[in-house]
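Please go through the structure below with an eye to packing, ring pairs and charged contacts. A short report comes after it.

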Amino acid sequence: MDWGTELWDQFEVLERHTQWGLDLLDKYVKFVKERAEVEQAYAKQLRSLVKKYLPKRPTKDDPEVKFSQQQSFVQLLQEVNDFAGQRELVAESLGIRVCLELAKYSQEMKQERKMHFQEGRRAQQQLENGFKQLENSKRKFERDCREAEKAAHTAERLDQDINATKADVEKAKQQAHLRNHMAEESKNEYAAQLQRFNRDQAHFYFSQMPQIFDKLQDMDERRTTRLGAGYGLLAEAELQVVPIIGKCLEGMKVAAESVDAKNDSQVLIELHKSGFARPGDLEFEDFSQVMNRVPSDSSLGTPDGRPELRAASSRSRAKRWPFGKKSKTVVTEDFSHLPPEQQRKRLQQQLEERNKELQKEEDQREALKKMKDVYEKTPQMGDPASLEPRIAETLGNIERLKLEVQKYEAWLAEAESRVLSNRGDSLSRHTRPPDPPTTAPPDSSSSSNNSGSQDNKESSEEPPSEEGQDTPIYTEFDEDFEEPASPIGQCVAIYHFEGSSEGTVSMSEGEDLSLMEEDKGDGWTRVRRKQGGEGYVPTSYLRVTLN
């Protein structure tokens, strides 16, 4: 038996139960922490602590007592109270193996729980929006049917009126035909909306929400198992240092092993299973039937012969929303046709692509600025003014990409909603580190802080991005180098470099090179390859050893 099948309508119950489980985990962590402090004092303080955490009035009517994890916790406290006077110092072991690990695990569980419930609320909001659209289309269909009926009666009355002109009669008939056509279109739209809603509702109740509830069940069972293991860690720590109280510790071990995650899930099902059936499909309410009726003397209904339409607003609807509703702002965003998690992933993917493009443009800008500086210092290598159009174009691209990044960041923030609002590193996900590693090429150190956060995850041993290296840095290096009599040192290529600019030379990672000329302050070093070829490479790409 699983939560998705048996507890499909108990959203609030599952929310309270999973929160209670996390509270119990935190309570146990807190207990062990205080227990470690008490272990350094007198046994009386230990007994006081056990008394503090024992239930005040345990009764059989308390539903929490029926869970094995709660029963094990109570039994564990009783065993601790039995050997309170024989305690030894185990604070260090308890603090490391229980407090730190379970506290960290509790934070992970809280984040996972929040993600699942947020996903459930988003799915519920989407279904509710679909139901509102269905109601709007039904009301429009009803209104158009009334208007068509009214136009038909008007046309019939004018047709029988001998004082009415032919033009009035034709105009009334055209109006009736138009209203009838509008009612037919509204009927088709209502039928399509109804079919779509029934399909979405079936997916919501039989697939989407059961999957979310099954994930919550798996999460809660893992937490329960881990909590039981935490109880066992407490016993193991005691057994290592206090053999004299082995009997009491064995009792605590039994309490830890008695934790049964599946049994606790079954207990929760038995406590809160409602037995209600899932809502069936809505029936089609055909308001167009009254248009085809011919009024007669025997017609029933209103005095003028028109049957009375049933108002949808007067009907009492069955309970369709068994899940707790929270106020949530409806966000209009891209990829809204996708499921919530897929939507978030697509937005994250688009944001990463824009950040990569932005980083490439910023590297291009830095390369152009470096070229301009070289041209200004060495006029024979080129005209600095010739680079201004390319610099201006690059700046325009950077501004455009920054706007797109901001747009996607806003959409992504809305999609993640409260999941990101409690994360302290939410901003760091969309910014570059302020200082790049020293192994980066010289033109990467001034990259904009608007780069994507995925750069933070790269290892410091990875080679710097060479996207900006495709732009010539030195476009007019002298082809004839003045070769010294012998190399002034040796160097090893730390990273691969593709010498695509004039005056540069390619090298492979790990390649041994001869140092022909040191860096003169511009970030470039002249080297010679063993298989032939000489040119400039970035100094930061080398590990240099002078003779």
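## Model and conventions

This is a predicted model: local features need pLDDT of at least 70, side-chain atom pairs count only at pLDDT 80 or more, and totals for chains, interfaces and linings use all residues. Residues are numbered from 1 along each chain as its sequence is written, and side-chain values use heavy atoms, with hydrogens and water left out.

## Overall chain

The chain has eleven helices and five strands. These are DSSP runs numbered from the N terminus: helices are H or I with at least four residues, strands are E with at least two. Of the 547 residues in the chain, 44% are buried. Buried means under 20% relative accessible area, exposed means over 50%, and partly exposed lies in between (1.4 Å probe, protein chains only).

The chain exposes about 30300 Å². Carbon and sulfur atoms supply 48% of that area. Areas come from the Shrake-Rupley method with a 1.4 Å probe; for residues, only the protein chains shown count as cover. A contact means heavy atoms within 4.5 Å. Among contacts between residues at least 6 apart in sequence, 75% join residues at least 24 apart.

## Nonpolar cores

A nonpolar core is a set of buried Ala, Val, Leu, Ile, Met, Phe, Trp, Tyr and Cys residues joined through side-chain atoms within 4.5 Å. The largest nonpolar core holds 69 residues. W3, Y28, F31, L94, F213, Y231 and M252 touch the most other members. Helices α2 (11-38), α3 (43-53), α4 (68-82), α5 (91-160), α6 (166-241), α7 (246-257) and α8 (261-272) each supply at least two residues of this core. Helix α6 gives the most, with 17 residues. In soluble globular proteins, nonpolar side chains tend to be buried together.

Y28 is in contact with F73, V98, L102, L227, G230, Y231 and L234, leaving aside its neighbours within four places in sequence. Another core lies apart from the largest one. This other core has 14 residues, among them C491, F497, V505 and W524.

## Aromatic pairs

Rings of Phe, Tyr and Trp (its six-membered ring) pair if their centres lie within 6.5 Å; planes under 30 degrees apart count as stacked, over 60 as edge-to-face and the rest as tilted. The count comes to 18 aromatic pairs. Y28 and Y231 form an edge-to-face pair, 4.6 Å centre to centre with 80 degrees between the planes. Y28 lies in helix α2 and Y231 in helix α6, so the pair ties together parts 203 residues apart in sequence. Y28 is buried at 0% relative accessibility. Y231 is also buried, at 0%. Y28, F31, Y53, F73 and Y231 form one aromatic cluster.

F497 and W524 also pair edge-to-face, at 6.2 Å centre to centre and 65 degrees between the planes. F497 is in the loop between β1 (489-493) and β2 (512-517), while W524 is in strand β3 (residues 524-529). The two are 27 residues apart, and their pair links distant parts of the chain. Both F497 and W524 are buried.

## Salt bridges

A salt bridge is a side-chain nitrogen of Lys or Arg within 4 Å of a carboxyl oxygen of Asp or Glu. The whole structure contains 23 salt bridges. K52 bridges to E34, with the closest N and O atoms 3.3 Å apart. K52 is in helix α3 and E34 in helix α2, 18 residues apart. K52 is partly exposed at 47% relative accessibility, whereas E34 is buried at 18%.

R222 and D218 form another bridge, with the closest N and O atoms 2.9 Å apart. They are four residues apart in helix α6, so about one helical turn separates them. R222 is partly exposed at 32%, and D218 is partly exposed at 40%. E517, K520, R526, R528 and E534 are linked in a network of salt bridges.

## Loop and surface

S501 is found in the loop between β1 and β2. S501 is buried, with a relative accessible area of 8%. The C-alpha atoms of S501 and Y536 are separated by 9.5 Å, and the two residues are 35 apart along the chain.

I488, V544 and L546 make a nonpolar surface patch of about 220 Å². Patches are made of residues with over 30% relative accessible area and no salt bridge: like charges are joined within 9 Å, nonpolar side chains (Val, Leu, Ile, Met, Phe, Trp, Tyr) within 5 Å. L546 sits in strand β5 (residues 542-546). L546 is partly exposed, with a relative accessible area of 45%.
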